[in-house]
Amino acid sequence: MTTLEEYYAAVADFLELSERVGDGWSRFSSEDIRSPCFEMIRRRQTHSRRLTADAPPDIIFFDYHVYFNEAFAVPQLLFSACRPDGSLVPLTTLHELIPKHLLPEASERELVWETLSQIEHPILHCPIYALHPCQTAAFIRKIRSFSKSWLLSWLSSVGPAVGLELSPQYGIISHTDNITSINTLEHPIST
Amino acid sequence: MESTHTAPPEVRGPRVLQFELFSSCIDSGFWSALTRKKLDVYGLDETAKSIHGYYSIGSAAFLPCFMNVDHASFEATPSTDSHTYPLHGKLQNFNTIEKFRDSDKQLITDGEANELWNLIMSGEALVNPSLLSRFTLLSFVDLKKYIYSYWFLFPALVYPDALVHETEPRPIQEAFTGEEISHITNFVAKLPKEQNAFLIAHDADGAMEILLIRDLPLIVKDNRKVTLCVCDPSVRADNPGWTVRNVLAMFAYHVRSSPEYRRVQLVCFRQRFRDGLRDVSHSLVLDLRIVFTPNQTMGQTLIPKAVGWERTEKGKLGSRHVNLSAQMDPKKLAEQAVDLNLKLMRWRLVPELDLPLIQRTKCLILGSGTLGCNVARCLMGWGIFDLTFVDNSVVSFSNPVRQSLFSFSDCLDGGKEKSIAAVEAVQRIFPGVCATAHQMNIPMPGHPISESMRGKVDETITLLEALIEKNDVVFLLMDTRESRWLPTLIGASKRKIVMNAALGFDSYLVMRHGMSADGAGDETNSKKLGCYFCNDVVAPGNSTRDRTLDQQCTVTRPGIAMIAAALAVELLVTVLQHPKGAEAPADSSARDDYLTNDIESPLGIVPHQIRGFLARHNTVLPATTAFDKCTACSATVIKEYEARGHDFLFDVINSTASFLEDLTGLTKLHADSEKAEVWDLSDDESFAGSE
Ligand SMILES: [Zn+2]
């Protein structure tokens, strides 16, 4: 279980890291926002492939969103992908596109895919795929006992299965941070 | 150079500067937002609406020069992040495809040229150069077919006459020192986003000063050497992106009467993050010569032309169309969601599951009461949507609480016909169903019909035969047992899967009728399995005289019908997944290994019958072989039906029960038989084995 306040704090920490890595995670909200749980973060990842050598590249934008699932009291990862004309890419195509090297075990990836459901995006109102949050609480409980950046740890554990790339810079930066925070234990930095 | 417009390709002599035109990039959220605006706000209003977009100066190397619109394009203020800059847009959404197609593009282009020129001449764009980053979006939304037609204009002034490369474009490091570059980079990081262009003034001693573009007239007045810097969306090694064009036009306009500014250095500023560091090394420096027409230098009054309509994917000048029904049409969304749900079951639990086989199975549901309603719901859960409902009664006030497809309103005004109410209900539940209704009385043995009715009954039989023929599965869920006789016979003759469910007060029977199997084996699979009537030693008769438990379905425990309906569907699906299908041998609880032996259907064992007793929460799985004197499925009866057709059926319908009994030889057995029915089984009797 994660409280909304803990989620906000984790999001703020994560965005600070992302700002330093420069991979484009940003706060995502809407003027007609209805619930504080919709305080989301988003990242767009561009994927390009050429079907034949002289064909123009087939460009696909993967969209990753994290929001707070109230019922499970955990963050939830949502994803979809669209082409430049705004049409969504079917799930079967995505399944093919996601690089197999991102997870060592194909079965692990399948495990994540097995829990997908199609929901309506709380802000965009277009269909988006959601990873089922039932395992998230247990994972976060474990990770929080030793990691300050638990949101990052969680993202890097579930994200790759659906193609989310997280820069190795995160590891370097958050490692440095941990050392810093040990050195400055008496002066906690407030954000 | 596929996306430039004005400059002629490769002319001899001086090389003319070309700009990479924007490529539109629409987020799916933009279309959703536009759809809602059209429905909730715009209505038929076709006037231009102010929206905004953005572009990035940090695109990856392989990407075209994208301009983006998304769900936030309709909000009051543009939102940008560290790499992105705003574009000011106009949306004109037309009510018809004709108006969209026939709208005067030249008028729109000229209007944009006029506005751009005014922004430049008035000096407004000097204060806020991002005002020159513009787009117009023409659109038409077909909300029936969910086809979105659109055409972007990224207006750029054709001014000055030309810009000519004086040297080859070079990376920024060749023109500026590392210190100067980080000075520029830091300056850009602090600039407000409407300042997408700025100036570097160079003094004689080599010192440089970074200034806002609004200082241009002053710099020109002081005759300082100047470099124009523009935040550049392109990633190409030899071209700036489209927004640079209007900034250069503005620059040229303000220096037009100062010949010493005909040569200008342009920095196309680009940045991206690499390994956590801001990288600007792909920024370009261009040395350009500004070429004016004589008119342009002599206080010109003519408004320049504008260009910048986006081309189609095939490179033609024209609008684009995208079909978004898969993401917009609620019916399709429901279908995809249901489909995904079933796929998850396959991915997760039963990889061998042949979903397409299940989903294309067509089911005839005879009886749209308690059992029929629940069977239909469970079939839909499996993605079986080709349903045909048959019933002969109307929805009455007591029905909706048990018959899960009906509601109170179906009972009003005498009650809706059940088959029709059922079809309406499943369509409400899931519009993707293909459901039809037939309200009919199924002719029954021992219920004689008058000669005057014969023609009508004949039609009914023909219809029933046709319905059974075109379906793969027949569910027998009527409330009398003798009404099951005719479809049992026709189903056996046409070799269809026949599923049967019948209810007692707190007990149920679910079974599949046998289909002759080939191959040898023990007694449960060597021969055809029995049908509903095989265990009878009496022919079906008029049950208004002879009580049957089927008749009592309205006084069953309410959960019984739900359990039995669910089991009937699950048994069907298990049979469908069995390699031998309907000819699958029966697993029976009579055999000790029924809980441990190998399972051939990926969903589990395929019993012949499932009998449950709720009072003791006991379930048994008997298996019985077909009875050679069966009044419904024996070879004698089937042959007679196939030879004599309806005449034979009318003989049965109009006769007493003994007609069939005589035919099958049952009469001989009749003497010592009791009026035993499938239900007359005491609790302590063992169901093990065939009965
Ligand atoms: Zn039989």
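Predicted model: local features only at pLDDT ≥ 70, side-chain atom pairs only at ≥ 80, totals over all residues.
Q: Okay, which residue does B:E20 meet in a salt bridge?
A: The side chain of B:E20 pairs up with that of B:R236, at 3.5 Å from N to O. The two come from distant parts of the chain, 216 residues apart. B:E20 is in the segment before β1 of chain B, while B:R236 is in the loop between β11 (225-231) and α7 (243-255) of chain B.

Q: And is B:E20 buried or exposed?
A: Buried, since its relative accessible area is 4% and the cut-off for buried is under 20%.

Q: What about B:R270, which partner does that side chain meet?
A: B:R270 meets B:D232 in a salt bridge, 2.8 Å from N to O. B:R270 lies in the loop between β12 (263-269) and β13 (272-274) of chain B, and B:D232 in the loop between β11 and α7 of chain B, so this pair ties together parts that are 38 residues apart in sequence.

Q: Are those two buried or exposed?
A: B:R270 counts as buried, at 1% relative accessibility. B:D232 is buried too, with a relative accessible area of 0%.

Q: Then there's B:R101 and B:D102. Buried or exposed?
A: Both B:R101 and B:D102 are exposed. Their side chains also meet in a salt bridge, with 3.5 Å from N to O.

Q: Switching topic: what coordinates the zinc ion?
A: Four cysteines of chain B do, each through its SG atom: B:C531, B:C534, B:C630 and B:C633. The distances run from 2.2 to 2.3 Å.

Q: What spacing do those donors follow along the chain?
A: The pattern is C-x2-C-x95-C-x2-C.

Q: And what's the geometry of the zinc site?
A: Tetrahedral, with angles of 95 to 124 degrees among the 4 donor atoms. For comparison, the ideal angle for four tetrahedral donors is 109.5 degrees.

Q: Are B:C630 and B:C633 buried or exposed?
A: B:C630 is buried, because its relative accessible area is 0%. B:C633 counts as buried as well, at 5% relative accessibility.

Q: Where is B:K639, by the way?
A: B:K639 is in helix α18 of chain B, which covers residues 635-644.

Q: Buried or exposed?
A: B:K639 is exposed, because its relative accessible area is 58% and exposed means over 50%.

Q: What separates B:K639 from B:D215?
A: Their C-alpha atoms are 102 Å apart, and along the chain the two residues are 424 residues apart.

Q: Now the two chains. How many residues does each give to the contact?
A: Chain B gives 34 residues and chain A gives 37 residues.

Q: What area do they bury between them?
A: About 3,000 Å², with 55% of that on carbon and sulfur atoms.

Q: How many salt bridges are there between chain B and chain A?
A: There are 2. B:D27 forms a salt bridge with A:R42, where the closest N and O atoms are 3.2 Å apart. B:D27 and A:R42 also belong to a network of salt bridges, together with A:R44 and A:D63.

Q: And how many residue pairs are in polar contact across that interface?
A: The number is 9 residue pairs.

Q: Which elements of chain B give two or more residues to the side that touches chain A?
A: Those are β1 (23-26), α1 (28-42), β3 (66-69) and α10 (330-348) of chain B. α10(B) gives the most, with 7 residues.

Q: Let me ask about B:Q195. Where is that one?
A: B:Q195 is in the loop between α5 (178-190) and β9 (197-202) of chain B. B:Q195 is buried, with a relative accessible area of 3%.

Q: What is B:Q195 in contact with?
A: Leaving aside neighbours within four places in sequence, B:Q195 is in contact with B:Y85, B:V127, B:N128, B:P129, B:L212, B:I213 and B:R214.

Note on methods. Residues numbered from 1 in each chain as written. Chains lettered and ligands numbered in written order. Heavy atoms only, no water. Donors = N, O, S within 2.8 Å, 3.2 Å for Na, K, Ca; no water. Tetrahedral: all angles 85-135°; square planar, octahedral: opposite > 155°, others 65-115°. Buried < 20%, exposed > 50% of the residue type's maximum accessible area, 1.4 Å probe, protein only. Contact = heavy atoms within 4.5 Å. Buried area = accessible area lost by both parts, 1.4 Å probe. Salt bridge = Lys/Arg side-chain N within 4 Å of Asp/Glu carboxyl O. Polar contact = N/O pair within 3.5 Å; in protein donor to acceptor, adjacent residues only side chain to side chain. Helix = DSSP H or I, 4+ residues; strand = E, 2+ residues; numbered from the N terminus.
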